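The sequence and structure come first.

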Amino acid sequence: MSRDRREFMKLAGATAAVVGTATPAAAQMSGQFKSIKALAFDAYGTLFDVFSVTALCEQLFPGKGNQLAQIWRFKQLQYSLMRSLMGRHRDFWGLTEDGLVWASKNLQLDLTADKKKQLMDAYLSLAAFPDVKPGLDALKKQGIKLAILSNGEPRMLEAAAKSAGIRDLLDEIISVEEVKIFKVSPRVYNLAPERMKVSNPELGFVTANNWDAVAAASAGLRTFWIQRSTVEVPEELGFQVDTIVKAITDLAPLLRG
């Protein structure tokens with residue numbers, strides 16, 4: 001991982017470090033997750049790599065692509081939190097566009113209408129992480145209900161899931177647009193058990209973003225943290241995740257217990 005990306009993740013709160021004392025091995029031995037019937041997955045940073053846009057950013061703005069991708073993602077997250085606090089909702093597609101415009105201005109780049117469209121359209125076909133499809137497929141074969149629970153706007157999520165070839169593995173795509181507020185509001189996390197028709201103890205929330213996992217734990221969900229990096233420290237928010245895995249492909253064996 002580059003130094004720039006590590007700094008971004010610290011700044012944005014997308015941390016990935018060990019939390020608490022639970023480990024996959026310990027959880028598997030105890031069988032504590034046998035009761036889980038459904039899993040809800042975060043989308044951006046967990047299923048879809050938001051930094052897969054970097055190559056296009058670099059192609060359009062040589063020498064500035066990495067900076068643009070980093071700042072764009074940071075502003076996207078920052079605007080979601082700010083608008084939630086302001087009580088002025090704007091869907092995630094709009095926030096993504098606003099973040100791109102701000103990042104371009106900040107770097108003094110000439111963001112033409114054509115370049116903006118190319119970059120925005122890239123969010124409809126983000127690359128999935130390599131562990132996503134095999135991991136979801138293994139869970140599906142075990143009879144686990146699967147969903148996305150995301151800040152994303154429904155059209156964005158549907159397009160990304162289809163592009164990644166995982167739409168047929170998902171039972172639900174749940175967007176914050178149903179409640180018009182973004183994560184980390186508990187109203188978002190409460191959507192998952194309601195839509196998937198399971199109780200909180202029967203549902204696990206899966207994310208590669210530590211702040212997201214901690215917020216879900218605060219809302220009463222059982223949480224699985226995909227630890228894609230070991231360089232970050234956990235958030236100091238008074239809650240811990242239930243367990244940690246290295247990849248989505250680790251979940252099926254864990255749930256079998």
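Ile166 touches Leu47, Phe48, Val132, Lys133, Leu136 and Ala161, leaving aside residues up to four places away in sequence; contact means heavy atoms within 4.5 Å. The model is predicted: local features need pLDDT of at least 70 and side-chain atom pairs count only at pLDDT 80 or more, while totals for chains, interfaces and linings use all residues. Residues are numbered from 1 along each chain as its sequence is written, and side-chain values use heavy atoms, with hydrogens and water left out.

Ile166 is among the residues with the most contacts inside the largest nonpolar core, which has 80 residues. Such a core is a set of buried Ala, Val, Leu, Ile, Met, Phe, Trp, Tyr and Cys residues joined through side-chain atoms within 4.5 Å. Buried means under 20% relative accessible area, exposed over 50%, and partly exposed in between (1.4 Å probe, protein chains only).

## Helix H8

In helix H8 (residues 154-163), the buried residues are Met156, Leu157, Ala160 and Ala161. They lie on the same side of H8, because their arc around the axis is only 120°, taken from the directions from the helix axis to the C-beta atoms. Helices (H or I, at least four residues) and strands (E, at least two) are DSSP runs, numbered from the N terminus.

Their cover includes helix H5 (92-106), strand S2 (145-150) and strand S3 (172-175).

## Loop residues

Gln108, in the loop between H5 and helix H6 (113-122), has a positive phi near 55° and is exposed at 74% relative accessibility.
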